[in-house]
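Have the structure open while you go through it.

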Amino acid sequence: MALNAVVNNPEQAGTTREQELIARVQRGHNELFYELIRPYERRVYAAALAILRNETDAEDVAQEAVLKAFAHIRQFRAEARFSTWLIQITVNEALMRRRRERTVMMEGIDERRAEESGYAPRDFADWREIPSEALERKEVRQKLADALATLDRKYREVFVLRDMEQLNIQETAEALGISVASVKTRLLRARLMLRELLAAGWERGWFSRLPFEKGNKPW
Amino acid sequence: MVDREAVNCELAWREISNYLEGDVDPALRARMDEHFRACKHCASVLEGARNVIALYSDERMIDELAIEVPAGFGRRLERRLAQTARLSGTRWSSWSAWLVPVAALALIAGGLRLANSLSDSPPFKFSQAQPGHDIPPGMVVVVSTDTDSKLFHVAGCPFIHDKNKVRTLTAKQAIEQGYTPCLRCMRKYLNVASDHGAELVGDGDSEAEELSAGR
């Protein structure tokens, strides 16, 4: 039963396989390193692109990051997730590139003032939780991506870097060349706007076939 | 400092993102908790924002962003990794390293014209013609001097591009200079496995191709 549970859970099985690969690469089987990072190629590139916003630089930095991970693989400790470690290396590389090229543009005072004006949510209905299991469905992921795509670029960028690529607030500010205060304000708006878009999505039936969580009432 | 009385809905909305980040001081956090317990609207906003973060932070969502990895990214990356490994004196034998010769063998077996048309394919052609030939080493042969063809022929072979622009040498010299026998005129000296095989290799004869194209 326990064995089946592991075999039937691809995520668990993948993790076990990944741990095996890491251990073997750390023992000197360098030829397995590409197999180890291949599932994350897209994430690494996406993280670099989100920061650099230039495809050529993003590829260059993504590759440099992987080479750096390769050079330091023996320092990786199993307490961390390999993907998090790899993405963090990529983010550091991308931020270093930005600093080196001095391409950071700080926002103007007017823009910062505009950020500070208030934002009020429009929908106060009881929130009906969308469980993470719903992401197993391609159409749900696509709807969420579509909702994100409707945000203004300045909100979307902050949200992608902080909530998807997992940069911290300071790193996000540095990556975008804006103040920490602006990151916080844009992040707040992005999160609340997405909440409203998903709430509207419920009404349009995006998630209508999802099982209801006990205690979460539809509005 | 935030006045206890000032923690109203508006302040709760303004600070909700910082609250989720764990970026509010303990006193404000305690007052916000109190507010969320009392105000179901703000509790709904909080739950929704928390749900948004949980959903979008899932790694599967990264794949839904319309970001395409540039073509050849993986190949270029693997090549750099292999170079790095070699420079550091460690081993590297990736799947693509043996995929290349396997693919080449598949091309040979299939007799694909694409493989035959590659300009750097003499080893391939030679591999079928050279080992099994009975061409007398001293036999006089000719090679074309006005094309890049690496074939040698019997004088008068109809597949020579321009019979007036040829150089004469022995078969031994021609082979030493990297020439391979023309499969048409040298056929009787070659132990080619079958007509089919000869035809496949012959497809790579650029002069013959030009002739059959009416040039």
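Two residues are in contact here if their C-beta atoms, placed from the backbone, lie within 7 Å. Keep in mind that this is a predicted model. With that cut-off, 44 residues of chain B are in contact with 46 residues of chain A.

**Chain B overall**
- Chain B is built with eleven helices and four strands.
- It runs to 215 residues, and 27% of them count as buried.
- Take the contacts in chain B between residues at least 6 apart in sequence: 62% of these join residues at least 24 apart.

**The side of chain B that touches chain A**
- As said, 44 residues of chain B meet 46 of chain A, and the elements giving two or more residues to the chain B side are H1, H3, helix H4 (59-62) and helix H5 (73-87).
- H3(B) supplies the largest share of that side, with twelve residues.
- Sorted by class, the chain B side has 20 nonpolar, twelve polar and twelve charged residues.

**H11(A) against H3(B)**
- Helix H11 (residues 180-203) of chain A packs on helix H3 (residues 40-56) of chain B at an angle of about 95°, and their axes are 9 Å apart.
- Angles of 65 to 115 degrees count as roughly perpendicular, so H11(A) and H3(B) are roughly perpendicular to each other.
- From H11(A) come A:Arg191, A:Leu192, A:Leu194, A:Arg195, A:Leu198 and A:Ala199, and they meet B:Val45, B:Gly48, B:Ala49, B:Val52 and B:Ile53 of H3(B).
- By class, that contact has eight nonpolar, one polar and two charged residues.

**H9(A) against H11(A)**
- Within chain A, helix H9 (residues 153-164) and H11(A) pack at about 95° with their axes 8 Å apart, so this pair is roughly perpendicular too.
- On the H9(A) side you'll find A:Lys154, A:Tyr155, A:Arg156, A:Val158, A:Phe159 and A:Arg162; they meet A:Val183, A:Arg186, A:Leu187, A:Arg189, A:Ala190 and A:Met193 in H11(A).
- The class count for this contact is seven nonpolar, no polar and five charged residues.

**H1(B), the kinked helix**
- H1(B) covers residues 9-21, and its 13 residues should span 18 Å at 1.5 Å a residue; the end C-alpha atoms are 18 Å apart, which agrees.
- There's a kink of about 50° in H1(B), centred on B:Glu15.
- B:Glu15 is also buried, as are B:Ala12, B:Trp13, B:Ile16 and B:Ser17 in H1(B).
- The buried residues of H1(B) pack against H11 of chain A, as well as helix H2 (26-38) and H3 of chain B.

- B:Leu55 sits in helix H3 of chain B and has 22 other C-beta atoms within 10 Å, so it's buried.
- Setting aside neighbours within four places in sequence, B:Leu55 is in contact with A:Ile130, A:Ser132, A:Leu135 and A:Leu144, plus B:Met61 from its own chain.
- A:Asp163 belongs to helix H9 of chain A; with 23 other C-beta atoms within 10 Å, A:Asp163 is buried.
- Leaving out its neighbours within four places in sequence, A:Asp163 is in contact with B:Ile53, B:Tyr56 and B:Ser57.
- The C-alpha atoms of A:Asp163 and A:Arg191 are separated by 9.2 Å, with the two residues 28 apart along the chain.

Notes:
Residues numbered from 1 in each chain as written. Chains lettered and ligands numbered in written order. Predicted model: local features only at pLDDT ≥ 70, side-chain atom pairs only at ≥ 80, totals over all residues. Axes fitted to C-alpha atoms, helices over the stretch in contact; angles between N-to-C directions. Parallel < 35°, antiparallel > 145°, perpendicular 65-115°, else oblique. Nonpolar A, V, L, I, M, F, W, Y, C, P; charged D, E, K, R; others polar. Expected span 1.5 Å × (residues − 1). Bend = angle between axes of the 7 residues up to and from the residue. Buried ≥ 20, exposed ≤ 12 C-beta atoms within 10 Å, placed from the backbone.
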